[in-house]
Amino acid sequence: MSATRSLVVASNNAGKLREFRALLEPLAWELTTQADHGISAVEETGLTFVENALLKARAACLGSGLPALADDSGLAVTALGGAPGIYSARYSGAQGDDRANNEKLLEALADVPEGQRGAHYHCVLVYMRHAEDPVPIIVQGSWPGEILSLPRGEGGFGYDPLFWVPEQGLSVAELSSELKNRISHRGRALAALLEQMER
Ligand SMILES: O=c1nc[nH]c2c1ncn2[C@H]1C[C@H](O)[C@@H](COP(=O)(O)OP(=O)(O)OP(=O)(O)O)O1
Ligand SMILES: [Mg+2]
């Protein structure tokens, strides 16, 4: 059994925080959130998930003096040229309003038939040991699916009620949290991160 390790999660998203707790606390990681340290959200000025995750992680290290884990993620819809992408949280204008974002996505795809509604979730994770860490660990995970025409399910967060997983025959919001965490973009990225940390 390894010793407890402390980590500040550089996110204000309750859905992400729930998933990181479920995945990391059984592995003896002690998580705090950036809010616990009074760290406010950084402006996500990057043009890639990687840049934004680095900005979030660095700010959390600076504000806490602890190693930080940041997640920048989003939904890329093929028929929309990869939108909303890095702008997923801000798609409808209001930062983090899942309902408005989902409504805008349904409108954007109103004329796109089944079979042409492919999409990917992407997740980039950055682990930084301290604010000047010159070699942060950067990993990514993706998850293919399709965008539904009507929301299904009550679980998850964000775009999950609209994201159909063909292999499961369910929307992400209909999956158990255990299954989502095992197969999601975030779950896959985190597995890659843990593997790299052990090297
Ligand atoms: O598993 C997911 N299930 C559903 N939706 C998801 C997922 N993963 C990312 N997403 C969506 C939510 C948000 O619209 C955007 C992330 O934006 P992103 O800036 O990384 O996160 P955020 O602003 O919600 O919280 P924070 O920056 O404090 O971590 O992609
Ligand atoms: Mg954000």
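Colleague: Which residues in H5 are buried?

Modeller: This is a predicted model, so every value is computed from it. In H5, the buried residues are His185, Arg186, Gly187, Arg188, Ala189, Leu190 and Leu193.

Colleague: What makes a residue buried?

Modeller: The test is 20 or more other C-beta atoms within 10 Å of its own. His185, Arg186, Gly187, Arg188, Ala189, Leu190 and Leu193 are buried in H5, so each of them passes that test.

Colleague: What covers the buried residues of H5?

Modeller: The cover includes helix H1 (14–24), strand S3 (68–77), strand S4 (118–128), S5 and helix H4 (177–183).

Colleague: How do you know that the span of helix H5 agrees with its 13 residues?

Modeller: Helix H5 runs over residues 185–197. At 1.5 Å a residue, its 13 residues should span 18 Å. The end C-alpha atoms are 18 Å apart, so the span agrees.

Colleague: Turn to helix H3. Which of its residues are buried?

Modeller: In H3, residues 98–108, they are Asn101, Asn102 and Leu105.

Colleague: Why are they said to be on the same side of H3?

Modeller: Because they cover an arc of only 95 degrees around the axis.

Colleague: What is exposed on the other side of H3?

Modeller: Arg99 and Glu107 are exposed there. As for the buried residues of H3, their cover includes strand S5 (137–147).

Colleague: Now the whole chain. How do you know that its radius of gyration agrees with a compact globule?

Modeller: With 199 residues, a compact globule would have a radius of gyration near 16 Å. The protein chain has 17 Å, so it agrees. Its C-alpha trace spans about 50 × 35 × 25 Å along the principal axes. Buried residues make up 38% of the 199 residues.

Colleague: What share of the contacts with a separation of 6 or more comes from residues 24 or more positions apart?

Modeller: They account for 58% of those contacts.

Colleague: How many helices and strands are there?

Modeller: The protein chain has 5 helices and 7 strands. Along the sequence they follow the pattern β-α-β-α-β-α-β-β-β-β-α-α.

Colleague: Last, ligand 1. Which of the residues around it come nearest?

Modeller: Of the 23 residues around ligand 1, the nearest are Ser11, Asn13, Ser88, Ala89 and Gly158. S3 gives the most to the shell, with 5 residues.

Colleague: How does the shell around ligand 1 divide into nonpolar, polar and charged?

Modeller: It holds 6 nonpolar, 11 polar and 6 charged residues.

Notes:
Residues numbered from 1 in each chain as written. Chains lettered and ligands numbered in written order. Predicted model: local features only at pLDDT ≥ 70, side-chain atom pairs only at ≥ 80, totals over all residues. Buried ≥ 20, exposed ≤ 12 C-beta atoms within 10 Å, placed from the backbone. Helix = DSSP H or I, 4+ residues; strand = E, 2+ residues; numbered from the N terminus. Arc of directions from axis to C-beta. Contact = placed C-beta atoms within 7 Å. Rg over C-alpha atoms; globule rule 2.2 N^0.38 Å. Expected span 1.5 Å × (residues − 1). Near = placed C-beta within 6 Å. Nonpolar A, V, L, I, M, F, W, Y, C, P; charged D, E, K, R; others polar.
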